[in-house]
Amino acid sequence: MTTPLNSQPKKLRATLPVKHDVIVLLKQDHVEVKKLFAQFEKLAEKDDIQGKVKVANKICAELIVHTSAEEEIFYPKARAATHEDGLLNEAEVEHDSAKDLIAQIQQMNSQDPMYDAKVKVLGEYINHHVEEEETEMFPKVRRSKELDLCALAAKFTALKKKLMDQLIDSTGEVNPQRLRAMIGNSASH
Ligand SMILES: [Fe+2]
Ligand SMILES: [Fe+2]
C-alpha cells in the first residue's frame with residue numbers, strides 16, 4: 001500500500017465540523033425545545049393525549065437537564081467573567097420558577113383541564129428566559145473573552161449526557177418516575 005499516510009490527517013481535519021463553543025450549544029438546545037413546544041400545541045389541538053404527554057415529558061426532561069447543566073457548568077463561569085450578578089441572579093430565579101412549573105406538570109393528571117395551560121405557560125416563561133440569555137447574557141460572556149468556550153462545551157455536553165442517561169429507561173423514552181426524582185433533587189439544589 002503506497003498511500004501516503006501523512007496526507008490523511010490533513011484531509012480528515014478538513015472534513016471535521018467546526019468545533020462548537022458552549023454558547024452555540026446552548027442556543028441549539030433553545031431551538032430544540034421551542035420545536036417541542038410547537039409539537040405539544042399541535043398534539044393538544046388534536047386531543048392526542050398519549051402523544052402530548054410524551055412530548056411534555058420530553059420538554060420537562062430537556063429543560064431540567066439544560067438548566068441543571070447551565071447552573072453547574074456555564075453560569076458560575078459567566079458570573080465570574082462578566083461580574084453581572086443581577087443578570088445571573090435573575091436567570092437563576094427564572095430557572096427556579098420554570099422548575100416549579102415543571103414539578104406541577106409532572107404531578108398532574110394529563111386529563112386535568114389545566115394541564116395544557118401549564119405547559120403553554122412554561123413555554124412562555126422559557127421564551128422570555130431564552131430571550132434574555134441570548135440578547136443580554138451570552139453577548140456579554142462572549143465580549144469578555146475570558147472563557148474557553150470550547151472547553152466549556154465539552155463539559156456541558158458530558159454533563160448533559162450523564163443526566164439524560166439517568167432519565168431514559170430501556171424503552172428509550174423519558175421515565176416519568178426518574179424525571180420526578182431528578183426534579184426533586186434539582187429543586188433542593
Ligand atoms: Fe438556556
Ligand atoms: Fe437558562
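Helices here are DSSP runs of H or I of at least four residues, strands are runs of E of at least two, and both are numbered from the N terminus. The model is predicted, so I note that local features need pLDDT of at least 70 and side-chain atom pairs count only at pLDDT 80 or more, while totals for chains, interfaces and linings use all residues. Residues are numbered from 1 along each chain as its sequence is written, and chains are lettered from A and ligands numbered from 1 in the order in which they are written.

**Entry: the whole chain**

Along the sequence I read the pattern α-α-α-α-α-α-α. I then looked up burial: 24% of the 189 residues in the chain are buried. A residue is buried if 20 or more other C-beta atoms lie within 10 Å of its own, exposed if 12 or fewer, and partly exposed in between, with C-beta atoms placed from the backbone. For contacts with a separation of 6 or more, I found that residues 24 or more positions apart account for 73%. Two residues are in contact if their C-beta atoms, placed from the backbone, lie within 7 Å.

**Entry: helix α2 by itself**

I checked the length of α2, residues 22–45. Its 24 residues should span 34 Å at 1.5 Å a residue, and the end C-alpha atoms are 35 Å apart, which agrees. The expected span is 1.5 Å times one less than the number of residues. The buried residues in α2 are Val22, Ile23, Leu25, Leu26, Val33 and Phe40. Their cover includes α3 (49–82), α5 (115–144) and α6.

**Entry: α2 against α6**

Two packed helices are described by the angle between their axes and the distance between the axes. For α2 and α6 (residues 149–167) I have an angle of about 45° and axes 7 Å apart. That makes α2 oblique to α6. Axes are lines fitted to C-alpha atoms, for helices over the stretch in contact, and angles run from 0 to 180 degrees between N-to-C directions. Angles under 35 degrees count as roughly parallel, over 145 as roughly antiparallel, 65 to 115 as roughly perpendicular and the rest as oblique.

On the α2 side, the contact uses Val22, Ile23 and Leu25; on the α6 side, Leu149, Leu152, Ala153, Phe156 and Thr157. I sorted these residues by class and got seven nonpolar, one polar and no charged. Ala, Val, Leu, Ile, Met, Phe, Trp, Tyr, Cys and Pro count as nonpolar, Asp, Glu, Lys and Arg as charged, and the others, Gly among them, as polar.

**Entry: α2 against α5**

The axes of α2 and α5 come within 11 Å and cross at roughly 160°. That makes α2 roughly antiparallel to α5. I logged the crossing as left-handed. A crossing is left-handed if the near helix is turned anticlockwise from the far one by less than a right angle, and right-handed if clockwise. Among the α2 residues in this contact are Ile23, Val33 and Phe40; the α5 residues include Val119, Gly123, Ile126 and Val130. By class, the contact has 10 nonpolar, two polar and four charged residues.

**Entry: α3 against α6**

For α3 and α6 the axes come within 9 Å and cross at roughly 150°, and the crossing is right-handed. From α3, the contact residues include Ala61, Val65, Ile73 and Phe74, and from α6 they include Leu152, Phe156, Leu159 and Leu163. The classes here are 11 nonpolar, one polar and four charged.

The C-alpha atoms of Glu62 and Leu36 are 9.7 Å apart, across 26 residues of chain. Gln50, also found in α3, has 9 C-beta neighbours inside 10 Å and so counts as exposed. Between the C-alpha atoms of Gln50 and Ser110 I have 8.8 Å, at 60 residues apart along the chain.

**Entry: positive phi in two loops**

Most residues other than glycine have a negative phi. Asp47, not a glycine, has a positive phi of about 60°. Asp47 lies in the loop between α2 and α3 and counts as exposed, with 8 C-beta neighbours inside 10 Å. His83, not a glycine either, has a positive phi of about 60°. I placed His83 in the loop between α3 and α4 (85–107). With 12 C-beta neighbours inside 10 Å, His83 counts as exposed.
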